[in-house]
Amino acid sequence: MAVDSGMDLLSERALLMRQSLQKSQTITDNVVSILGSFDSRLSALETAMRPTQIRTHAIRKAHENIDKTLKSAEVILSQFDLLRQAETKVLKGPHEDLEGYLDAIAQLRKIIRYFSSNKSFKSSDGALNHANSLLAKAQSKLEEEFKQLLASYSKAVEPDRLFDGLPNSLRPSSDGDGGKMPHGGHHNDDAETAAYTLPILIPSRVLPLLHDLAQQMVQAGHQQQLLQIYRETRSFVLEESLKKLGVEKLSKEDVQRMQWEVLEAKIGNWIHFMRIAVKLLFAGERQVCDQIFRGFDSLSDQCFAEVTVSSVSMLLSFGDAIARSKRSPEKLFVLLDMYEIMRELHTEVETIFKGKACLEIRDSATGLTKRLAQTAQETFGDFEEAVEKDATKTAVLDGTVHPLTSYVINYVKFLFDYQTTLKQLFLEFGNGDDSNSQLAAVTMRIMQALQNNLDGKSKQYKDPALTHLFLMNNIHYMVRSVRRSEAKDLLGDDWVQRHRRIVQQHANQYKRVAWTKILQSSSAQGLTTSGGGSLEGGNSSGVSRGLLKERFKMFNMQFDELHQRQSQWTVPDTELRESLRLAVAEVLLPAYRSFLKRFGPLVESGKNPQKYIKYTAEDLERLLGELFEGKSMNEPRR
C-alpha cells in the first residue's frame, strides 16, 4: 500500500512538471512571435527613416563646409590685413623703428609662404606679387640703412686713442719731444705679456642693430652686397687710422734712397706701428666683424680678410722693402728688431687672421718673417767678411785703439743683447748644431777676422815699436771688453787667457824694440880700452872722457827723441799705461843710475858737465810718466 501511495505521488509530480514545461514552451513561442513582429516593424520604420537621415547628414556636411569656408576667408582676410600693416612699416622705412621694420620683413616672408602654398585662391597671385615687391623694396631700404648706420659710426681712430690702449712702457713720450715713439722694439720683455686695451671702433649699442641688418641681408641672399658695403666702409677707415698713426707705403727704391739715420728712425716706428696695428687695430676690427656677422663664420672671415688686406699690405711692404734692400752691417740690429716683432706677433696674427679667407695674409706675414731672418743671417755673414777685408785708410798715428776695433767690439756686444734671437736664427738656418756653440763659433771667427785685419793695419807703421804698441792696445781692448761682457761665458777663459798672453808679448816686443838702443847707450860696453892704460884726462879708469861725453850726449838725444815721440803715442787704458811705464822704468832707470854713478864723476870734473849730464834718474822717472798721453807736438813738458 505504501508503495502504491509513493508511486502515485511521483506520478502526480511528473504530470505537474510536464504541464509546467508545456506552459513555458507556449510562453517562449509567444515571445518569439512578438519579437518577430517587432523586427518587422523596426525594419519598416528604418526604411521609412532613411531619407530623413540622408537629408540630415547633408545638412550637417553643408554646415561644416560653410564653417571651413568662413574660417579660410578669415585667414585670407587676416593675411591681407597683415600685408597692409607690413606695407605701412616698409613704406615708413627702418630708420625710426628698426626692430618693427625687421618684424615687418619677417611677416612679409610668412605672407609670401602662405600665398605660395594657397594658390587656389584667385587673388593669391596678385597678393604674392605685391608681397614680393614690398619685400624687395624693404631689402633695398635695409641695405641702405646698414650702409648709413655703418658709415655714421665708422671713423678713423686717432693715434692718441690707440696709444691709450698700450701698456705704459710702450706709450710715446709727451715731454716736449713731439710725442716720439719709444726707441726701437728690442727686448721689451713686458711687451708680450702686458695688458692691451682694445679701442672701441663701433659703439657696443650699435653692433646688435648692424648684426640684425646683416642677418636679414644674408637671409635675402644679398651676401655680396653686404660684403661690398662692409669692405668699402671699414677698409678705408683702417687705412686712414694707420696713416694718422704715421704709416707710409714705401717701396724698396724709397728705402734705398733714404739716409741711414732717417731710415733707422722709420724702422723703429714701424716696429711700434706693427704692434699697435695687430694687437689693437686689427684685433678690434676682428671683434667688430665677429659680432656683426655672428652665426656666419665663413662670411665673417671673408669680410675681415677683405677689410684688412690693404692695411696689412701697407705695413708688410715696408718690412719687405727693408728685407730686400742692399745689405749693410748697421742694418743687422734693426733686422733683428724687425724679426723679433714679427715673431712676437706670430700668435696674434694666427689667431686674429684665422680661417681660409685669411690664409694669404697669414702667409704674407710668415714670408716676411722668413725673409727678415734670411737677410739677417746673410748680413751676419757679410759682417765677418767685411771685418777681415776692411781697407779703411783711417790713420791711428798714436797707436791707440782703432775705430774698427771699437766698432767691431761694440757690434759683438750688441749681438749678445740679441742672444735669444740669434739662437733662434741658428736653429732655423743652422745645420742642427747646438745654437750656443754656433754663436760662440761665429763670435770667434769675427774676433779672428778683426785680429787679422789689425795685423795688416799694424804694418802701416814705420816704427816697429809703434806697431807692437798698436797691436797691444787693440788686443787688450778686445780682451777687456770680452771679460766685461756676456761674451766671456761664450768664448771661455781659454780665449781670454790666450789673448792676454798675446797682449803681454806685444808689450815685451815694444819694450825691446823701443828701448834696447838707449839701454846700450847707458852701458859701459865700448867705453873701456883694450890696453887699460892712461888715456885722455889722465884718469885711471881706462875710459876716454871724450868718448864718455859722446855717450851721454847720445843718451840725451835718444831719450829726448823717444820722449817726444812716445808722449804723443797713446795707451788709453790707465792700468795698461801705468804697467807699461813701469816696465820701461824697471829696465831704464837702474841702468842709467848705474851708468851715472860710475861715469858721472868723470864728466862732472870737466868743463860744462851740465851740457852732457842733462838728466838725473828722478828726471827720467818723471818724464817716463808723460809717455803714452797722446800729447800734441807743441804741447810743453810738465
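Student: Which residue forms a salt bridge with Asp382?

Tutor: Arg327 does. Keep in mind that this is a predicted model. The closest N and O atoms of Asp382 and Arg327 are 2.5 Å apart.

Student: Where do Asp382 and Arg327 lie?

Tutor: Asp382 lies in helix α12, residues 359-389. Arg327 lies in the loop between α9 and α10. The two parts are 55 residues apart in sequence, so the pair ties them together.

Student: Is Asp382 partly exposed, or what? What is its relative accessible area?

Tutor: Asp382 has a relative accessible area of 28%, so it is partly exposed. Arg327 is partly exposed too, with 37%.

Student: OK, and how many salt bridges does the count come to?

Tutor: The count comes to 26 salt bridges.

Student: Give me another one. What does the side chain of Arg231 meet in a salt bridge?

Tutor: The side chain of Glu306. The N to O distance is 2.5 Å. Arg231 lies in helix α6, residues 223-245, and Glu306 in helix α9, residues 297-324. Those parts are 75 residues apart in sequence, so this pair ties them together.

Student: Now helix α7. How many residues apart are Asp254 and Arg257?

Tutor: Three residues apart, in helix α7, residues 252-257. That separates Asp254 and Arg257 by about one helical turn. Asp254 forms a salt bridge with Arg257. Their closest N and O atoms are 2.8 Å apart.

Student: Is Arg257 buried or exposed?

Tutor: Arg257 is exposed, with a relative accessible area of 61%. Asp254 counts as partly exposed, at 25% relative accessibility.

Student: New topic: the surface. Which residues form a positive surface patch?

Tutor: Lys413, Arg483, Arg484, Lys488 and Arg500 form it.

Student: Where does Lys488 lie?

Tutor: Lys488 lies in helix α17, residues 487-491.

Student: And what does Lys488 count as, at 31% relative accessibility?

Tutor: Lys488 counts as partly exposed. Patches are made of residues with over 30% relative accessible area, so Lys488, at 31%, passes that cut-off.

Technical notes:
Residues are numbered from 1 along each chain as its sequence is written. This is a predicted model: local features need pLDDT of at least 70, side-chain atom pairs count only at pLDDT 80 or more; totals for chains, interfaces and linings use all residues. Side-chain values use heavy atoms; hydrogens and water are left out. Patches are made of residues with over 30% relative accessible area and no salt bridge: like charges are joined within 9 Å, nonpolar side chains (Val, Leu, Ile, Met, Phe, Trp, Tyr) within 5 Å. Accessible areas come from the Shrake-Rupley method with a 1.4 Å probe; for residues, only the protein chains shown count as cover. A salt bridge is a side-chain nitrogen of Lys or Arg within 4 Å of a carboxyl oxygen of Asp or Glu. Lys and Arg count as positive and Asp and Glu as negative; His and the chain ends are not counted. The place of a charge is taken as NZ of Lys, CZ of Arg, CG of Asp or CD of Glu. Helices (H or I, at least four residues) and strands (E, at least two) are DSSP runs, numbered from the N terminus. Buried means under 20% relative accessible area, exposed over 50%, partly exposed in between (1.4 Å probe, protein chains only).
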